[in-house]
Structure formats: C-alpha cells, structure tokens
Amino acid sequence: MNPNLLAVPIALPLFTAALLLAVSRWGGRQLIDLQRGLTAIALLVNLGVALALANYTLSGHRLVLQMGGWQAPFGITLVADGLTSILLTMAAIIFLAVLPFAIGTIDFHRERMGYYPLTLFLLMGINGAFLAGDLFNLYVFFEVMLMASFVLLTVGGQPAQTHSGIRYVVLNLIASLVFLAAAGIAYGTLGTLNMAHMAERLQTAAPAVKTLLAGLLFVSFGSKAGLFPLFFWLPSSYHTPPPAVMALFGGLLTKVGVYTLFRSFTLFFPDLLVAWQPLILGVAGATMLIGVLGAMSQPTVRRVLSFHIISQVGYMIMGLGVAVDGQNLAMGFGLAAAILYMIHHIIVKSTLILAGGAIQIEMGSDELARIGGLVSKRPLLAILFFLAAIALAGIPPFSGFVSKLSLLQITMDSGHWLVAGISVVVSLLTLNSMTALWRETFWGEYEHPGRLTPWLLDAPLRRWLVLGPIAGLLVLSLGLGLFGERFFQMTNTAAQQALDQAGYIAAVRPVEPESVAGPADYPAESPTDKGGHDE
Amino acid sequence: MTQLILALTVGILFACGAYLVMRRGKIKLILGLGLFSHGVNLLLFGSGEMILGKPAIFNDKANFLGELATRSFADPLPQALILTAIVISFGITAFMIVLLNRRDTLLGSEIMENELAPGYDWLVYTDDDLEEQRQKQAESKGNGSSKISGGEPL
C-alpha cells in the first residue's frame with residue numbers, strides 16, 4: 001500500500017479549509033452552500049482514506065511515511081497502525097455525521113465567520129495528532145487542533161462563550177507548555193524526538209529520566225483527556241458553544257488525549273504500565289466517580305453530558321491500567337477493551353450531545369427545571385434520546401454493553417475488585433442520571449420556556465438534517481453492540497499492535513547517527529520511503 | 001556554569017509565570033503565560049548540544065551523517081523547536097488578548113460573578129434564520145398557506 005496515503009488525512013482538510021477561507025469572506029448564502037458542498041466532499045474522501053487505512057492496518061500491518069525521504073530520526077515520520085486508523089475512521093465518521101446537523105442548526109453569522117473551514121482545521125489537527133510519529137509534531141498538531149477549537153469555541157462571541165473560552169485557552173495552553181517541556185527534556189536526555197527512536201533509547205535510559213518524562217506526559221495528556229484532578233476546564237466550557245461544535249469536541253478532543261496516553265504508555269513506558277498501575281487505576285476510579293457525581297448535580301442537559309465525558313474517560317484509563325495485566329485472559333485484553341470502549345464512547349457521546357442540542361434549540365433552554373413534556377410534541381426525538389441514553393449507560397443490545405462487559409471482565413480477572421466495583425456503581429449512577437435527564441426533559445407537563453415558538457424540527461428538511469445523524473450514529477452503536485465479537489477482534493489486533501514495541505521500532509527503523517561512521521554507511525533507500533520526495 | 005544559570009532562569013520564569021497566572025486580572029494572566037512560554041523556550045534551548053562557532057547548516061545531504069559524526073555543524077533542532085514554539089505562543093497570546101478584551105466589552109468588567117450573564121445565552125443571539133422563521137410563521141398564520149408545515153408532531 002502506498003504510504004503517501006498517510007499524508008491525505010492531514011493535507012486534504014488543510015487545503016480544503018484554505019480554499020474555503022479564500023472564498024468565505026465575500027458573498028452570501030450561495031457561497032455558504034459551496035462551502036457546505038466542498039466540506040462534505042472533503043469529509044467523504046477523508047472517510048474513504050481512513051477506511052482504506054483501517055482495512056490495511058487491521059490485518060496486522062503498519063504503514064510508515066518518511067517525509068521527503070529522510071531517514072527516521074531526522075525527518076518527519078507519519079505512522080499508522082491499528083489504533084491510529086481506528087481513531088482516524090471514528091473522527092471521519094463523527095465529522096461526517098455532525099455536518100448535516102451543523103447545516104441544520106448553525107446560524108448564518110457563524111457560518112460566515114468560517115465554521116466549516118474551522119472544523120476542517122480541527123479535523124486536520126486531530127488526524128495529525130493520531131498520525132504523528134515524533135513528539136514535536138505531536139505538539140504542533142495538538143496546537144493546530146487547539147487553535148481551531150479555541151476559535152470554534154468562541155466564534156459568535158457570546159459572553160458565556162468568551163468567558164469559558166478564556167479558561168479553556170489558559171488551561172490548555174499550560175498543558176501544552178508542560179508537554180513542550182517534556183519534549184525539551186526528552187531531546188536533552190535522549191537526544192531524539194522520534195517516537196520509535198525514543199522508545200528504543202528509553203529501554204536503556206536511567207529510571208529518573210523515565211519517571212520524569214512519564215510524569216510530565218501523564219500530566220499534560222491527562223489534562224487534555226480530562227482526568228481526575230485536571231478535568232475542571234472541560235465542564236466549564238463545553239456547554240457554551242453551539243451543539244454541533246460541542247459534539248465534535250465531546251466526541252473527539254478528549255479522545256486525542258486518551259490516544260496519546262495509550263500511545264506513550266504502550267510505546268515508551270511499557271514497564272511503567274505495571275509499576276504505575278495503582279496510580280493509573282486510582283486516577284481512573286476517581287475520574288469515573290467524580291465525573292458521574294458531578295453529572296448528577298448539574299442543572300442543564302448539556303452540563304450533565306459534559307460531566308459524563310469525564311466519567312467515561314475514566315473507563316478508558318481503567319482499560320489502560322490493566323493493559324498488560326490479567327490471569328486467565330490474554331495479554332492486551334484490557335487495552336483492546338479500552339479501545340472498543342473508546343469507539344463506543346465517541347459514537348454515543350456525539351449522539352447524545354446532538355440530541356441534547358436539538359432539545360435545547362427546540363425548547364429555547366436546556367435547564368432541567370424549566371423544560372418538560374417534550375415527548376408529546378417530538379416523540380421521535382424522545383425515542384432517539386432514550387436509546388442513546390441507555391446505550392451510554394450500557395444496556396444491551398447497544399455498544400455500551402459489550403465494551404463495559406469486556407472492561408469489567410479484564411478488571412475482575414486481574415483482581416482489581418475496588419476499581420471494578422467503582423465502575424459498576426458508576427454505570428448504575430450513569431443509568432440513573434440518564435433516566436433522570438429523560439424524565440425531566442420529555443415526561444410531565446409540556447413546558448416551553450423559550451421566547452420563540454419551536455422551529456427546529458418543523459421544516460421537514462431541517463428535521464431530517466437534525467434527526468438523521470442522530471439515528472445514523474445510533475445504528476452504528478447498535479451494529480457495534482450486535483457484532484461485538486468481530487469488533488472486539490479488530491480492537492484486539494490494534495491492541496496487540498500497540499503493545500508490540502519492537503514491531504513499532506522495526507517498522508519505523510530509526511538509524512543511529514553515532515554508529516554511522518561516514519558516507520559509506522548511509523542507509524539505502526528503504527521500501528517504506530519510496531515516493532514522498534515532493535514534500 | 002552556563003547550564004546552572006540557564007536552569008535557574010528557567011525555574012524562576014516558571015515560578016513567576018505560575019504566580020502571575022493564579023493572580024486575578026487579565027494583564028497578570030497574559031504576562032504569566034508569556035513568562036511560562038519563555039521558560040519553556042529557554043528549556044528547549046538548553047536541551048540541545050551546544051557547539052560553538054559552527055553554523056546550523058550542513059553542506060551535503062548525502063553526507064550529513066558523516067558531518068554529524070565529526071560535529072562540523074551546530075545542532076539546528078533546538079532552534080527550529082524554539083522558533084515553532086515562539087510562533088505558536090505568539091499566536092495564542094494575541095488570541096488571548098482579543099478574547100479578554102472582547103469579554104470586557106461584553107460584560108463591562110474584568111471579573112465575572114455569574115457563570116452566565118442573564119439574557120446572554122448563545123441562543124438569545126437572534127440570528128437571521130430564527131428571525132426569518134418567525135416572520136414566515138407569522139405570515140403563514142396570516143394568509144393560511146404555509147410552505148413549512150409546522151405544528152405536526154413527528
């Protein structure tokens with residue numbers, strides 16, 4: 001397979017967004033239609049490429065692109081393995097699903113201010129962070145993603161948006177600076193930033209270097225993922241932008257942090273997965289519990305949903321904690337379960353946020369105390385929200401069941417009864433919180449606090465633009481639940497690949513500059529870096 | 001000695017940045033973040049191997065490993081990293097300043113008491129679409145024929 005394909009998920013959104021920016025400043029609604037069309041085409045191509053990559057890598061291959069033909073520690077390296085391509089596919093699906101919802105609900109001002117180019121920049125940053133093969137490019141793509149998210153969060157310029165935007169920007173900036181400090185320390189102590197090269201040299205590095213690097217990366221990625229002591233930026237900002245933006249953020253941004261945690265701990269510090277297990281599992285348990293308790297105390301639909309993001313991230317980190325653990329189950333079972341949980345959560349969380357956003361726009365408010373009785377007016381929305389809510393809580397046949405079951409299985413198998421118990425209790429509380437949400441919103445007397453008449457779901461076209469994506473994502477969740485075994489085999493392949501440190505290093509093949517005496521030993525062109533000289 | 005001074009400077013910059021960020025007030029926030037990023041930039045600067053008196057450029061791509069082995073060019077990587085980091089932090093700082101000013105214009109104060117200023121939910125931002133919709137509904141009530149058939153439950 002041509003490794004140049006790896007550049008497409010980064011280059012395609014970048015160039016499409018640049019094109020859209022060039023045309024977005026002039027003209028009115030015709031150009032907005034053009035923007036929508038071009039965005040849809042770009043997202044479809046992106047999904048196609050992601051699926052092709054997933055098809056290739058999930059049969060056990062890795063794909064490596066050395067930009068410009070430079071050997072690994074010197075050039076820019078892009079790497080795709082199973083975990084990467086699963087997440088690329090999920091990002092592509094969510095962006096594609098949110099697009100119709102955005103067309104239906106995003107207002108004209110935000111569209112004219114560049115909503116569509118900004119989402120494409122966000123996609124570029126997310127894809128780049130998944131594909132990056134060295135630490136500094138990971139930082140750069142994080143920043144691309146964050147800049148796009150800063151603007152998406154605050155475009156429209158409402159006071160709540162700007163106020164929460166400041167907290168979001170400051171805390172994410174500090175997390176990024178911690179990450180940058182980690183990159184600097186990695187370069188100072190290991191002499192390299194290429195991830196495969198770092199993994200190779202960390203095997204013989206001093207324990208202090210390992211601890212320092214792992215600690216800094218855990219703090220910075222954990223803060224981006226929304227882990228327990230560092231999550232507070234998330235619930236204070238996610239409920240302020242329009243629902244279409246929040247669905248992208250809630251579905252994908254924290255998962256980038258989770259992905260980088262998975263990648264760094266499996267590739268750089270596989271031994272710390274055992275040594276730091278109490279820390280990781282403790283953080284996971286606290287994240288789950290605090291997240292769900294926070295959600296139960298919140299007064300509005302979207303705040304409840306943003307606290308649930310935190311509690312669900314705890315489950316994924318619990319899977320990371322038991323990634324190489326277990327007595328009767330195979331090694332890597334925990335990581336496979338965590339990846340499956342990630343897929344489930346990306347789908348279901350976006351669905352719920354879209355449905356919650358539809359409620360908010362329909363009712364003019366999402367304060368639980370003020371709204372009610374929507375089931376009599378919008379039964380289809382009520383059914384979709386209910387199905388998404390029980391999918392999140394983990395009721396079969398939806399995807400929450402298989403993913404939670406496999407996580408629980410591995411946690412009990414490895415004997416971590418306390419965390420397993422916490423996860424069960426949190427599941428129960430999630431179900432309670434979700435049913436409370438549904439009851440407050442849809443049950444009882446019809447109360448419509450908005451000043452304007454309900455309009456969102458009246459026009460047939462707009463109704464399908466809004467409800468279509470929700471229903472489509474629910475079908476995906478149902479498929480994931482019904483064909484759980486097949487998907488688990490896929491994520492198991494991805495987990496085995498992610499845990500195979502030697503395989504990753506061999507695929508990237510970093511050269512050792514110190515061992516190369518002179519020009520005679522300059523390594524020959526390898527089959528993996530043919531092409532790409534035009535970069 | 002240089003290393004020690006560099007390390008102490010980085011530490012002092014981090015400490016001052018952390019102190020300023022945690023203070024109330026926007027100027028302190030911006031200055032604190034600036035000091036933070038300067039601290040990280042200096043840390044990156046100190047991370048490279050310092051070779052005196054050599055340019056950070058090599059002569060021949062085919063021979064670069066050989067040139068690296070003989071230390072005939074300075075390490076260009078910290079410079080590239082710092083340059084990238086400076087550009088990024090410059091952009092974010094500019095964005096921060098605009099955001100802070102925008103908030104002050106909207107709220108008329110530097111300190112926010114409530115999470116949501118009353119009447120300023122993003123929905124109250126009455127956009128064209130909403131206005132149009134309302135007019136259309138008013139019209140359709142007036143003359144009885146509507147293209148958007150409202151009111152039907154799904």
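Before counting anything, I settled what counts: helices are DSSP runs of H or I with at least four residues, strands are E runs of at least two, and both are numbered from the N terminus. I also kept in mind that this is a predicted model.

**Entry: chain B**

With that settled, I counted five helices and zero strands in chain B. Reading along the sequence, I wrote the pattern down as α-α-α-α-α.

I then asked how much of chain B is buried. Of its 154 residues, 33% are.

**Entry: the largest pocket**

Next I went looking for open space. The largest pocket holds about 1000 Å³. Its lining has 36 residues, and those closest to the centre are P73(A), F74(A), Y187(A), D75(B) and L77(B).

Which elements supply at least two residues each to this lining? From chain A I noted α6 (135-154), α7 (159-190) and α8 (195-202), and from chain B α3 (64-69) and α4 (77-107). The largest share belongs to α4(B), with four residues. Sorting the lining by class, I got 20 nonpolar, 10 polar and six charged residues.

How many cavities of 30 Å³ or more does the whole structure have? My search of it turned up eight.

I looked at the largest cavity and found a volume of about 60 Å³. Its lining includes A129(A), A132(A), L135(A), L138(A), M195(A) and L217(A). Also in that lining are F221(A), Y259(A), T260(A), R263(A), S264(A) and F268(A). In chain A, α6, α9 (207-225) and α10 (243-267) each give at least two residues to the lining of this cavity. The largest share is four residues, from α10(A). By class I noted nine nonpolar, two polar and one charged.

The second largest cavity has about 50 Å³ of space. I listed T39(A), L43(A), F95(A), V98(A), L99(A), A102(A), Y115(A), Y116(A), T119(A) and L248(A) as its lining. The elements giving two or more of these residues are α2 (29-57), α3 (82-105) and α5 (115-131), in chain A. Here α3(A) has the largest share, with four residues. This lining has eight nonpolar and two polar residues, and no charged ones.

**Entry: two buried residues**

I picked T240(A), which sits in the loop between α9 and α10 of chain A. Is T240(A) buried or exposed? Its relative accessibility is 4%, so T240(A) counts as buried, the cut-off being under 20%. I then checked what its side chain meets. A polar contact of 2.9 Å links it to the side chain of S164(A). A polar atom of the T240(A) side chain also lies 2.8 Å from the backbone oxygen of S237(A).

My other pick was I361(A), in helix α14 (residues 333-363) of chain A. I361(A) counts as buried because its relative accessible area is 6%. For a sense of distance, I took N2(A), which is 359 residues from I361(A) along the chain; their C-alpha atoms are 45 Å apart.

Where is the cis peptide bond I wrote down? It joins P396(A) and P397(A), with omega at about 5°. I placed P397(A) in the loop between α15 (379-393) and α16 (399-413) of chain A.

My last stop was R509(A), in the segment after α20 (501-508) of chain A. Its phi is near 50°, a positive value in a residue other than glycine. How accessible is R509(A)? I got 42% relative accessibility, so R509(A) counts as partly exposed; that class runs between the 20% limit for buried and the 50% limit for exposed.

Definitions and conventions
Residues numbered from 1 in each chain as written. Chains lettered and ligands numbered in written order. Predicted model: local features only at pLDDT ≥ 70, side-chain atom pairs only at ≥ 80, totals over all residues. Heavy atoms only, no water. 1 Å grid on protein atoms, 1.4 Å probe; cavity = no way out; pocket = protein on both sides within 12 Å on 5 of 7 lines; lining within 4 Å. Points joined across faces, edges and corners; volume = space filled by probe spheres on them. Nonpolar A, V, L, I, M, F, W, Y, C, P; charged D, E, K, R; others polar. Buried < 20%, exposed > 50% of the residue type's maximum accessible area, 1.4 Å probe, protein only. Polar contact = N/O pair within 3.5 Å; in protein donor to acceptor, adjacent residues only side chain to side chain.
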